[in-house]
Amino acid sequence: AVVSTQSGHYGRDHVQICTTTPCMLRDSDMVVKACKENLGIGMGETTPDKMFTMCEVECLGACVNAPMMQINDAYYEDLSEKDVHEILNDLREGRTPRPGSRIDRFASEPITGLTSLTSPPTGPGYGVRDDL
């Protein structure tokens, strides 16, 4: 039987899906749907084997890398449906999925690549008038 989190019982892996506006605009509904399909539970429920508990949360502070979810202490960002299934399957099989961006961007850099500070800084005196 599925266990409700209202009873205070949580699974080994606590799956928290951000559905705040930035994640919603980047398709957090897909993340929710993929988690429900993969785990066979709804929000606030725990799998019968006590491995996973899933809940919806407000902003987890990774808006730039939306959509995202947090599982225990790890953030998984820039998620596709394939990524969600891969992460949950890895955890189920005892593997540790790589946390962070799933599209390999560094921190919160733009998806299209850097747009500023793309060349080395100029040396001292650059742009200073000769008569000073």
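Guide: A helix here is a DSSP run of H or I with at least four residues, and a strand is a run of E with at least two, both numbered from the N terminus. By that naming, Lys 50 sits in the loop between strand S3 (45-46) and strand S4 (52-57). The model is predicted, so local features need a pLDDT of at least 70 and side-chain atom pairs count only at 80 or more, while totals for chains, interfaces and linings use all residues. Residues are numbered from 1 along each chain as its sequence is written, and side-chain values use heavy atoms, with hydrogens and water left out.

Visitor: Why is Lys 50 called partly exposed?

Guide: Buried means under 20% relative accessible area and exposed means over 50%, with partly exposed in between (1.4 Å probe, protein chains only). Lys 50 has a relative accessible area of 42% and is therefore partly exposed. The C-alpha atom of Lys 50 is separated by 8.6 Å from that of Asp 13, although the two residues are 37 apart along the chain.

Visitor: What makes Met 69 count as buried?

Guide: Met 69, which belongs to strand S5 (residues 69-71), has a relative accessibility of 0% and therefore counts as buried. Leaving aside neighbours within four places in sequence, Met 69 is in contact (heavy atoms within 4.5 Å) with residues including Val 15, Gln 16, Ile 17, Val 31 and Cys 35.

Visitor: Why does Gln 16 count as buried?

Guide: Gln 16, found in strand S2 (residues 13-18), has a relative accessibility of 14%, so it counts as buried. Among the residues that Gln 16 touches, not counting those up to four places away in sequence, are Cys 55, Val 57 and Met 69.

Visitor: How many disulfides does a search of the whole structure find?

Guide: The search finds 0 disulfides, a disulfide being a pair of cysteine sulfur atoms within 2.5 Å. For Cys 55 the nearest cysteine sulfur is that of Cys 35, 11 Å away, and Cys 55 is in no disulfide. For Cys 59 the nearest is that of Cys 63, 3.6 Å away, and Cys 59 is likewise in no disulfide. As for accessibility, Cys 55 is buried because its relative accessible area is 16%, whereas Cys 59, at 42%, counts as partly exposed.

Visitor: What is phi of Asp 78, and what is phi of Leu 117?

Guide: Phi is near 55° at Asp 78, a positive value in a residue other than glycine, and phi of Leu 117, also not a glycine, is positive too, near 50°. Most residues other than glycine have a negative phi, and most peptide bonds are trans. Asp 78 lies in the loop between strand S6 (74-77) and helix H3 (81-92) and, at 7% relative accessibility, counts as buried. Leu 117 lies in the segment after strand S7 (100-101) and, at 81%, counts as exposed.

Visitor: Which form does the peptide bond from Ala 66 to Pro 67 take, cis or trans?

Guide: That bond is cis, with omega near -5°, and Pro 67 is in the loop between S4 and S5.

Visitor: At what angle do helices H2 and H3 pack?

Guide: Helix H2 (residues 28-39) and H3 pack at about 35°, with their axes 9 Å apart. Among the residues that meet there are Met 30, Val 31 and Ala 34 in H2, and Val 84, His 85 and Leu 88 in H3.

Terms used:
Axes are lines fitted to C-alpha atoms, for helices over the stretch in contact, and angles run from 0 to 180 degrees between N-to-C directions.
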